[in-house]
Amino acid sequence: MRHVHARRFAMLAAAALLALIPGCFSSGDPADNDPPDPTYPFPGTAEQLMTNFKNAYDRMNIAEYRNVLHADFLFVFAAGSPVAPPTGVYTREDDLESTTNMFNGEQGQDQDGTVKPGVRDIEFTQLQRLTDWEDVPGDDLRFPGARRAQYDVRIVFLLETESLNTITIDCQQLFYVKSVTEPVDGGTREHFYLIGQQDL
């Protein structure tokens with residue numbers, strides 16, 4: 001298995017794994033983001049944004065993962081999920097807390113308090129768009145004015161144990177993106193952010 005950048009999936013989290021790892025990280029505002037890594041091209045399209053999202057997750061790069069998320073980002077758990085918080089959603093701060101701990105390989109615990117091993121490596125093996133991008137209606141309760149598309153997602157988490165031990169997330173999710181017009185060199189450009197992720 002190839003070496004990945006160490007130590008920090010809204011997922012995508014991946015809803016089941018996110019709930020296993022308690023948060024203790026306080027995220028900053030998008031305006032305070034670290035300078036972008038030149039290996040992650042500017043997200044001037046939804047497709048480039050999704051590529052950056054996948055690569056940041058796959059390489060466990062929390063700085064680039066943070067750059068992907070809009071200030072109003074929400075991760076929406078599947079209906080009836082036993083690991084969802086009472087609100088059924090993670091805010092950007094919630095997601096960054098959990099994902100940071102996961103990327104750092106920190107141990108978590110399940111709902112009865114049993115300690116679970118941390119994550120050693122992540123292989124984001126599938127992020128395939130299944131539908132065209134479409135406008136979200138203005139009366140949508142969570143993501144009015146955004147654009148969305150459905151993706152097939154598969155992520156393998158290699159756990160920090162002596163023998164081979166993995167958790168695989170294999171699901172479909174809706175991803176919501178929003179573009180923000182930014183000034184640059186006397187003109188403007190569209191900067192795409194991930195504003196929502198819904199586990200189906």
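A search of the whole structure, which is a predicted model, finds 13 aromatic pairs. Rings of Phe, Tyr and Trp (its six-membered ring) pair if their centres lie within 6.5 Å; planes under 30 degrees apart count as stacked, over 60 as edge-to-face and the rest as tilted. Helices (H or I, at least four residues) and strands (E, at least two) are DSSP runs, numbered from the N terminus. Both Tyr 57 and Phe 103 are buried, where buried means under 20% relative accessible area, exposed over 50%, and partly exposed in between (1.4 Å probe, protein chains only).

Another pair joins Tyr 151 and Phe 175: the ring centres are 5.3 Å apart and the planes stand at 80°, so the pair is edge-to-face. Tyr 151 lies in strand 7 and Phe 175 in strand 8, so parts that are 24 residues apart in sequence are tied together. The C-alpha atoms of these two residues are separated by 7.3 Å. Tyr 151 is buried, and Phe 175 is buried too, with a relative accessible area of 0%. Ring pairs link Phe 53, Tyr 57, Tyr 65, Phe 103, Phe 124, Trp 133, Tyr 151 and Phe 175 into a cluster.

What surrounds these rings may be considered next. A nonpolar core is a set of buried Ala, Val, Leu, Ile, Met, Phe, Trp, Tyr and Cys residues joined through side-chain atoms within 4.5 Å. The largest one here has 36 residues, of which Phe 53, Tyr 57, Tyr 65, Phe 157, Phe 175 and Leu 194 touch the most other members. Among the elements that give two or more residues to this core are helix 2 (46-58), helix 4 (92-103), strand 7 (147-159) and strand 8 (166-184). Apart from this core lies another, of nine residues, including Leu 74, Val 136, Leu 174 and Tyr 176. In soluble globular proteins, nonpolar side chains tend to be buried together.

Ala 71, in strand 1, is partly exposed, with a relative accessible area of 42%.

Residues are numbered from 1 along each chain as its sequence is written, and side-chain values use heavy atoms, with hydrogens and water left out. Local features need pLDDT of at least 70 and side-chain atom pairs count only at pLDDT 80 or more, while totals for chains, interfaces and linings use all residues.
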